[in-house]
Amino acid sequence: MKNKIAKYLIQLGDNCLILGQRLGELCGHGPALEIDIALTNISLDLLGQTRAYFQYAAEMSDDFDNEDQIAFLRKSSDYRNCHLTELPNTDFAHTIIRQFLFDQYHQLLLTDLMNSNDEKLKAIATKSIKEVNYHLRFSKDWVIRLGDGTETSKVKMQEALNTVWRYTEELLRPSELDIEMEGLGIGTNPDQLKEEYFEKVKSVLQFATLEIPENKFFGKGGKEGVHTEHFGYILSDLQYMQRTYPNQQW
Amino acid sequence: MDAFEKVFEAKLEAEEKIEPKDWMPEKYRKTLIRQISQHAHSEIVGMLPEGNWITRAPSLRRKVALLAKVQDEAGHGLYLYSAAETLGVERATLLDQLHEGKAKYSSIFNYPTVSWADIGAIGWLVDGAAIMNQVMLTRASYGPYARAMVRICKEESFHQRQGYEIMMTLSNGSEEQKAMAQDALDRWWWPSLMMFGPSDKESTHSAQSMAWKIKRKSNDDLRQQFVDVSVPQAEYLGLKIPDDKLKWNEERGHYDFGEIDWDEFWNVIKGNGPCNEERLAARVKAHEEGEWVRDAALAYAEKHSNKQKVEA
């Protein structure tokens with residue numbers, strides 16, 4: 001059972017790790033200094049949360065001894081993050097839409113995990129929700145500002161939304177592990193968050209004067225370890241040092 | 001000397017701070033704008049070489065520390081642009097000067113970061129050299145600048161310890177790691193000494209800046225001070241400083257050291273360093289690609305100046 005809980009923690013942490021890594025690419029390249037600082041903050045929070053999940057997972061796991069083994073030394077198919085977190089920083093519109101669509105999910109998830117009967121997971125969720133409330137406020141405000149800004153910004157935001165939208169459903173699709181952990185009172189079945197998620201997201205998008213895209217094909221596979229083409233490149237950066245210089249202290 | 005100038009001089013004499021609304025000589029104002037904006041530009045251009053390793057940092061702990069550090073640099077950029085704005089110039093104008101290649105920034109950031117050890121060496125040496133300069137600037141005569149420097153110095157000294165700790169870990173690590181640390185020291189040592197600027201006899205702005213108490217120590221004095229503290233630090237790491245002329249001089253009570261390659265120094269300043277083009281191009285790209293975002297934010301603010309509250 002402990003090993004199963006570890007796997008669940010890793011699944012939770014992987015979304016934070018990969019999105020944190022993606023945002024880290026932007027540090028120093030933001031559209032304004034203030035935004036640069038804010039995005040880096042979000043990246044820092046997500047990586048901090050990753051560490052909390054992975055440190056706890058390392059205690060519970062049969063397979064890993066420490067957080068860095070989990071973060072850096074798995075094969076692509078062992079990462080369990082959703083595809084949304086892997087999407088590239090095509091431009092600020094894509095970055096902020098991706099962030100908003102994740103933050104809304106993340107907030108609902110953590111709100112539920114605050115009721116976990118696993119005391120440590122509950123503590124992680126309780127600490128993280130404070131950060132994520134801020135992330136959501138930031139990304140939501142920017143989605144509204146840019147959707148309802150200029151003609152150019154509206155077009156860019158609509159294009160980004162159309163691209164990223166199909167990755168939302170995966171966030172809310174339960175893995176077997178989600179269902180099992182929900183049954184034990186430890187975790188959350190994200191299917192239960194679905195209705196509220198789409199309701200909240202759509203209300204913000206309407207406020208931003210953006211059109212909700214049609215549900216076409218929904219991306220999936222991340223939670224089963226099947227990733228997008230972007231993912232290998234993320235790992236080659238992420239794992240570069242640990243793979244090139246194995247078994248060393250940094 | 002008119003009455004205003006007398007008041008200004010008296011304040012300098014009495015070690016009182018000059019504040020934004022005080023009268024000041026036009027040249028004093030211009031010198032400060034030049035120096036503070038160069039400093040601000042250095043902070044934001046300086047984010048690039050270190051930011052280069054964020055995605056590849058070797059552990060989660062190091063990744064988070066590096067991100068936080070680079071974010072601090074952005075924060076320093078913000079305070080400094082704000083300090084410059086108190087002198088009646090806008091951040092946008094200063095950024096245009098940077099992007100058009102009219103404004104300078106610290107040449108050190110035109111060198112490439114090619115290994116993880118460079119992140120350690122930059123923290124140790126580059127932040128270390130910056131602190132020598134900046135501690136002096138906490139006593140600068142212009143109030144907003146001096147106060148910004150107090151906070152910046154606290155963060156920089158944290159960065160320096162962090163960088164030195166990376167070097168220590170590498171020096172105590174495997175042979176490969178030690179070699180990586182030595183290689184980084186070899187490449188960053190001389191550019192770090194160049195950070196103090198031209199020698200006193202070549203420095204065009206120094207004398208006036210010292211008279212105005214913007215600057216309190218000469219370039220060569222600061223450089224000597226830096227060498228004196230860095231040598232024992234390198235010894236403690238078991239690394240060799242790449243200077244055959246480096247030797248303790250009992251009589252002077254200082255280390256003697258070799259001559260900087262001034263040809264390289266002036267070349268990098270003139271734009272011919274290894275990364276000058278890349279650094280400027282990266283800043284220009286971020287700025288241009290961000291234009292629609294900044295425009296939209298303004299347009300939105302104008303549309304909703306009555307501040308509607310969003311419920312979601």
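## Chain B as a whole

A residue is called buried when its relative accessible area is under 20%, exposed when over 50%, and partly exposed in between (1.4 Å probe, protein chains only). By that rule, buried residues make up 55% of the 312 residues in chain B. This is a predicted model: local features need pLDDT of at least 70, side-chain atom pairs count only at pLDDT 80 or more, and totals for chains, interfaces and linings use all residues. Residues are numbered from 1 along each chain as its sequence is written, chains are lettered from A in the order in which they are written, and side-chain values use heavy atoms, without hydrogens and water.

Chain B has twelve helices and two strands. Both are DSSP runs, numbered from the N terminus: helices are H or I with at least four residues, strands E with at least two. Along the sequence the pattern reads α-α-α-α-α-α-α-α-α-β-β-α-α-α. The C-alpha trace spans about 65 × 60 × 35 Å along its principal axes.

## Contacts along the chain

Contact means heavy atoms within 4.5 Å. Take the contacts in chain B between residues at least 6 apart in sequence. Of these, 77% join residues at least 24 apart.

## Ser218 of chain B

Ser218(B) sits in the loop between α8 (206-211) and α9 (219-237) of chain B. Its relative accessible area is 12%, so Ser218(B) is buried. Leaving aside neighbours within four places in sequence, Ser218(B) is in contact with Asp200(B) and Met210(B).

## Helix α10 of chain A

Helix α10 covers residues 231-238 of chain A. Its buried residues are Phe231(A), Ile234(A), Leu235(A) and Leu238(A). Seen down the axis of α10(A), they fall within an arc of 95° (taken from the directions from the helix axis to the C-beta atoms), so they line one face of the helix.

These buried residues pack against α1 (2-24), α3 (67-72) and α11 (240-244) of chain A, together with α3 (60-85) of chain B.

## Where the chains meet

In all, 53 residues of chain A are in contact with 50 residues of chain B. The two chains bury about 4,300 Å² between them, 69% of it on carbon and sulfur atoms. Buried area is the accessible area (1.4 Å probe) that two parts lose on being put together, summed over both. In chain A, Leu33(A), Leu44(A) and Trp250(A) lose the most area to chain B, together 16% of what that side buries.
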